[in-house]
Amino acid sequence: MYPRHPGAAGHPPPVPGWLVDRVADDVTALLHRLRHNTATRTGLVVGTLGAGALQRVIECGVSAVLRRAEADQDQLLHLVLAIANGEGVLPGDLLGKLLTHVGSLQRSALDPRSLSLSTLTTREADMLRLVSEGLDTVEIARKTAYSERTVKNVLHEIITRLQLRNRAHAVGYALRNGLI
């Protein structure tokens, strides 16, 4: 499960794989130590994955997880090749749990400040919505009770941060991504 050493020309970095019964403190400590070696990507074959264990192994930099019960020769080869290619591997149900967890984090950490992972604040989305309705800077300022300068700054910030070309591009981006 270990390709040639990292110094060998033309060969990928090491791909350590660990087989454990469960993710206990000693396993977490080992995975944390491995995380500090940026040339190493880690895979984990685990007997049981208890509550919170998925989050812990991901925080430790594990890029692939496979249950021991599912670990046949083809699955192990897939795991090693995926890691070597910079990809991640998770069983479908664990991926679902991870996505649910990320959504929960997003709601609890970002929503109270009117932010979202979509990168627009409520004020930014409101101003883009008004631009999409054909309003110019003066009309947006009047409607929102912001100064014209604030409206220009907010729209400029959106365009710059999202690397867009102009207001029309920003409106198109927001519409395509369901932000307004």
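This is a predicted model: local features need pLDDT of at least 70, side-chain atom pairs count only at pLDDT 80 or more; totals for chains, interfaces and linings use all residues.
Local features were taken at pLDDT of at least 70 and side-chain atom pairs at pLDDT 80 or more, while totals for chains, interfaces and linings use all residues. Residues are numbered from 1 along each chain as its sequence is written, and side-chain values use heavy atoms, with hydrogens and water left out.

The protein chain contains eight helices and three strands, where helices (H or I, at least four residues) and strands (E, at least two) are DSSP runs numbered from the N terminus. Along the sequence these elements follow the pattern β-α-β-α-β-α-α-α-α-α-α. Of the 180 residues, 34% are buried, that is, under 20% relative accessible area with a 1.4 Å probe, protein chains only. Among contacts (heavy atoms within 4.5 Å) with a separation of 6 or more, 53% are between residues 24 or more positions apart.

In helix H5 (residues 122-132), the buried residues are Glu 124, Ala 125, Met 127, Leu 128, Leu 130 and Val 131. Their cover includes helix H6 (137-144), helix H7 (148-161) and helix H8 (167-176). Just after H5, Gly 134 adopts a positive phi of about 95°.

A nonpolar core is defined as a set of buried Ala, Val, Leu, Ile, Met, Phe, Trp, Tyr and Cys residues joined through side-chain atoms within 4.5 Å. The largest such core has 19 residues, of which Leu 120, Leu 128, Ile 140, Leu 155 and Ile 158 touch the most other members. H5, H6, H7 and H8 each contribute at least two residues to this core, and H7 gives the most, with five. Beyond its neighbours within four places in sequence, Ile 158 contacts Leu 120, Glu 124, Leu 128 and Ala 170. A second, separate core comprises 14 residues, including Val 23, Leu 31, Leu 54 and Cys 60.

A pocket is an open set of points on a 1 Å grid over the protein atoms alone, where a 1.4 Å probe fits, with protein on both sides within 12 Å along at least five of seven lines; lining residues have an atom within 4 Å of a point. The largest pocket holds about 180 Å³ of space. Residues lining this pocket include Leu 49, Leu 54, Arg 67, Lys 97 and His 101. Helix H2 (53-59) and helix H4 (92-109) each supply at least two lining residues, and H4 gives the most, with four. By class, the lining has six nonpolar, four polar and two charged residues; here Ala, Val, Leu, Ile, Met, Phe, Trp, Tyr, Cys and Pro count as nonpolar, Asp, Glu, Lys and Arg as charged, and the others as polar.

Note on methods:
Grid points are joined across faces, edges and corners, and a volume is the space filled by probe spheres set on the points. Buried means under 20% relative accessible area, exposed over 50%, partly exposed in between (1.4 Å probe, protein chains only).
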